[in-house]
Amino acid sequence: MDKEKIRKLSIDLETFGAKDLKKCGVYRYAEDPTFGLLLFGVSVNDGPVRVYVIVLGDEPPDEILEALTDNTVEKWAYNASFERVCLSVWLRRHHPGFFKGYGSPGDSVKGYLDPTGWKCSRVWGAYNGLPMSLDAIGSVLGLEQQKLKEGKDLVRYFCSPCKPTKANGGRTRNLPADAPDKWELFKKYNQRDVEVEMQIQQRLKKYPVPDSVWDEYHIDQMINDRGILCDMDVVENAIRIDAKTKEELIQQLQQLTGLENPNSVAQVKDWLARQGVVIESLGKKEVAALLKGDLPDNVRHVLELRLMLAKSSVKKYQAMQTAMCSDHRCRGMFQFYGANRSGRFAGRIVQLQNLPQNHMQDLEQARNLVRHDNYTALEMLYDNVPQVLSELIRTAFIPKPGMKFVVSDYSSIEARVLAYLAGETHTMESFAKGEDLYCATASAMFHKPVVKHGINGELRQKGKIATLACIAEGQPVLTNHGLIPIEKVSKNDLVWDGEQFVHHDGVVCRGIKEVITYDGLTATRDHLVWVYGKSEPVRFGDAAASGARLVKTGNGRTPVRLGEDHLSREALVEKLESLLCSYAVYRMWIDPMAGSEQSDFWTIEGLSALLAAPADPALAGSEANSRQAAVHESDGSGIPELWRTWDPVQLLFYLGSRSVSYRYLRTSGSGAGDRPDRHEWKLREREPALRNPSGKQPEQTDNCADQIRADLLALLLSGGDPETVLRKDPGRDHSGRGDSRFRASEELEKHPRTARVYDIRNAGRHHRFTVSGRLVHNCGYGGSVGALKAMGALDMGLKEEELQPIVAAWREANPHIVKYWWDIDAAVMKAVKIHLPSQVGLVYIWYQSGMLFIKLPSGRRLSYVQPRIGQNQFGNDCVTYMGVDQQHWDRIESYGPKFVENIVQGVARDILCYAMKNLRDRFIVGHVHDELIIEVPEDASMQEICDIMGQTPDWMPGLLLRADGYECSFYQKD
């Protein structure tokens, strides 16, 4: 075989080892003296697979051995770190002449093959949203050659020690000669693994992983190769002290309860019941909640001891002990692309990502007591020894002699990224001033100063997880059962969200508050409402003060558009045709309208329902009647009002987010357009539709949008190009406040009043409903209360009733972020529904070949498999896709805020990787979420490292980053 011809190797190994691979990881597994190669399956340059039976002396040729250490040759494997580490140990032991380590002098990576030439098919699959296991990804991709069903049994038979028995002659492992038929099948299994891995590469060829991501993978492998040093004295003594503590706790519980086994859930529950305390579960959360109430002293003492007994921190120490290599370093602690929706790293074995935090003031003293195995002093100084051991877990990781740790982490990285992407300027300004966002949030939540590491500093964590509007009683809500007062709406009533009838989470009373009445709606000033010309909601008080017109959503027949649709000229003309046909205009003067709004300037006569449509939903307590129906003013297209005494008609519709209308259109005998079914008569000469009893003339608005509307409609009706109008004056203001008849001075009550107020929770995907004919926002959108609960808000001392006000206050203060959620939601829906790409700020979203892709500013993609439009729990459209959910490959439901969460976490992850690249020449030994743990000489500059980490990538210009750091002689949380 000619070495020059080897460009690519695809490899799969079968190995034997006495250590439990899942518990100790590949580094400790391969280091064990019992480790050895059994089979070496390999394909050269995508050719046929050859299986070398290493255990029987059949070894690959020198050309392949040399290629293993040649970084110009691509080495592929599924979970390639396993093959690379195993081959590193095997080459060192059996072919040292071919082994070439890498790294600088004194760096522990020198014991392993350079990862630069290696690539992993599992990473490739994860990058494209596919499952992690080889058989699962093969099944999803529909590969013809699946892993043999007997594979797991064969691996167990040949790769793990067996129990000696009389039947097997007392042997402790199975060799090929012990089961020749199984061995032949095992070789086929090895060959097929390589073939499946190659097929995965072929299937994913059109969705490649960028070189920048492979570079990040190689850095990850280097960090895993380096490992992190453990203090053996702390680890072993902590395990010993924990065992002794638990033994004493059990003895105390036996004395207090008389139970033979206080670890038995059934026995303890029975004892509690005899004390008059009934509890369904003895889980930590349930017991902690029970302890907050009134309990007999003996019961309280027993439950407190049980919580101490249930402390499982010792498992972390045991994991360290199990994974530790001969040099006392734990390796393989991080999995690249462990979260394939965002691309974030995942923790393995010891799981550094979820270590308990340390809050002890005398941390070093407690650590020294454990390190010197001084159990007596620990027991005397601390009431809860298991809790002490829990807080000391991080301190078991140490730098090697003559070195120190520099721990540097980003300040509020996800909050910064989200504010930057959404354009939330006030948040970015706070960061520019050096303010601590979590402290500011906590101060607002608890109405007291909060300073990190200072006064009320313990509340900062509550502020970290967080990072008041109502409708008056009696206001009618439009439901599928008619108009119902808001306080009487039930979960069985669907509410109209401007597009369709949707489910909701019920009505909530907010007490008695000050309300105002404006444009037909009575609500608090803080309630969010929609106004014409805006695609996001605004405060009701602001709308009233500025004279903005509230969006009317009528009687639930025709959907509204809030500026997000971009319609072609043909689509706009088609919509106008239905309005200019004879029947639609004829209805404008034959049907009177009951209960219409009266202006201070005009009274309206003879104006009926404005759109020809089926009968309206029944009004509450009555049947449908067109003379009782609420006016439906569509902001997609419609004839909203008659303006002048000579009966011109104003047409109002939207082009994109810009309102377009023609103010002085009059019908003529020739009709509008060329279609024969258009109306062919003038509006009937009769009394003015708008009568001015006061004799006053309405004020004329000077808004230049009126002229644009006039020009555009004239062009549309004549077949012209509307873009020529919109290009005429790019500086024009297209917002359009509407006419002065809706100014606050004429509509707003002079004196506010109070009323009992209500709101509706989670009204559909868009979180809005119709009350008094106006489109308003609901409370509890974005799933934030659930998110706060999931992040431990209730455990941290917040009450259930406190969560929603916190959510609402935060959302109100961050309207651009809320808008960004739903801009992303609309873009994703458009990509999946009609396969049209969109760009939302720095994020690009598109659909391709059964995949949904979101391109981040770094150029990396987020991938969603087989997206489709489904229905969420509220019965509304949502995007679903296939992914790993609770360890199962299943269809997952998502929506705007969830996609934004993926985007923000993905961008934050890319920024961390950018810092890793800039610091790759330093000894990075670990990383946890947004922090790096670096082993450096004692004279190294911490500030220099923080400055490098705080550098902003060129693909996020203007993003304000800040990295803070601290030095320590053992790992800890500052």
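Val 865 is placed in strand S31, strands here being DSSP runs (E, at least two residues) and helices likewise (H or I, at least four), both numbered from the N terminus. The structure is a predicted model, in which local features need pLDDT of at least 70 and side-chain atom pairs count only at pLDDT 80 or more, whereas totals for chains, interfaces and linings use all residues. Residues are numbered from 1 along each chain as its sequence is written, and side-chain values use heavy atoms, with hydrogens and water left out.

Because its relative accessibility is 5%, Val 865 counts as buried; the term buried stands for under 20% relative accessible area, exposed for over 50%, and partly exposed for values in between, with a 1.4 Å probe and protein chains only. When neighbours within four places in sequence are left aside, Val 865 is in contact (heavy atoms within 4.5 Å) with Asn 128, Gly 129, Leu 130, Gly 850, Met 851, Tyr 881, Met 882 and Trp 889. Val 865 and Arg 891 are separated by 26 residues in sequence, and their C-alpha atoms are 9.4 Å apart in space.

The chain as a whole contains 31 helices and 36 strands, and 54% of its 974 residues count as buried. Its accessible surface, calculated by the Shrake-Rupley method with a 1.4 Å probe, with only the protein chains shown counting as cover for residues, comes to about 42700 Å², of which 49% belongs to carbon and sulfur atoms.

Strand S31 belongs to an open sheet of six strands, arranged in the order S28-S29-S30-S31-S32-S33 with antiparallel pairing; two strands are taken to pair if DSSP finds at least two bridges between them. The edges of this sheet are formed by strand S28 (838-840) and strand S33 (888-894), each of which pairs on one side only. From one strand to the next, the twist averages 35°, where axes are lines fitted to C-alpha atoms, for helices over the stretch in contact, and angles between N-to-C directions run from 0 to 180 degrees. Three bridges join S28 to strand S29 (residues 843-848) in the antiparallel sense, and Val 840 has Val 843 in S29 as its bridge partner. Helix H30 (residues 896-918) packs on the sheet and touches S29, S30, S31, S32 and S33, its direction making about 175° with that of S31. Helix H29 (residues 815-834) lies across S28, S29, S30, S31 and S32, and runs at about 20° to S29.

Not counting residues up to four places away in sequence, Tyr 820 touches Leu 418, Leu 421, Ala 422, Val 840, Val 843, Val 900 and Ile 903.

Strand S2 (residues 36-44) is mostly covered, with seven of its nine residues buried. Eight bridges connect S2 with strand S1 (residues 8-16) in an antiparallel arrangement, and five bridges connect S2 with strand S3 (residues 49-53), again antiparallel. Leu 39 has Val 53 in S3 as its bridge partner. Four residues lie between the strands in the hairpin of S2 and S3, where Asn 45 takes a positive phi near 55°.

In helix H10 (residues 265-274), the buried residues include Val 268, Trp 271 and Leu 272. Seen down the axis of H10, the buried residues fall within an arc of 100°, so they line one face of the helix; the arc is that of the directions from the helix axis to the C-beta atoms. These buried residues pack against helix H9 (232-257) and helix H12 (297-309), while the face turned away from them carries the exposed residues Ala 266 and Arg 274. After H10 comes Gly 276, with a positive phi near 85°.

Asp 373 has a phi of about 55° and is located in the loop between helix H14 (363-371) and helix H15 (375-381); because its relative accessibility is 34%, Asp 373 counts as partly exposed. Ser 772 likewise has a positive phi of about 55°, in the loop between strand S26 (768-771) and strand S27 (774-777), but with 13% relative accessibility Ser 772 counts as buried.
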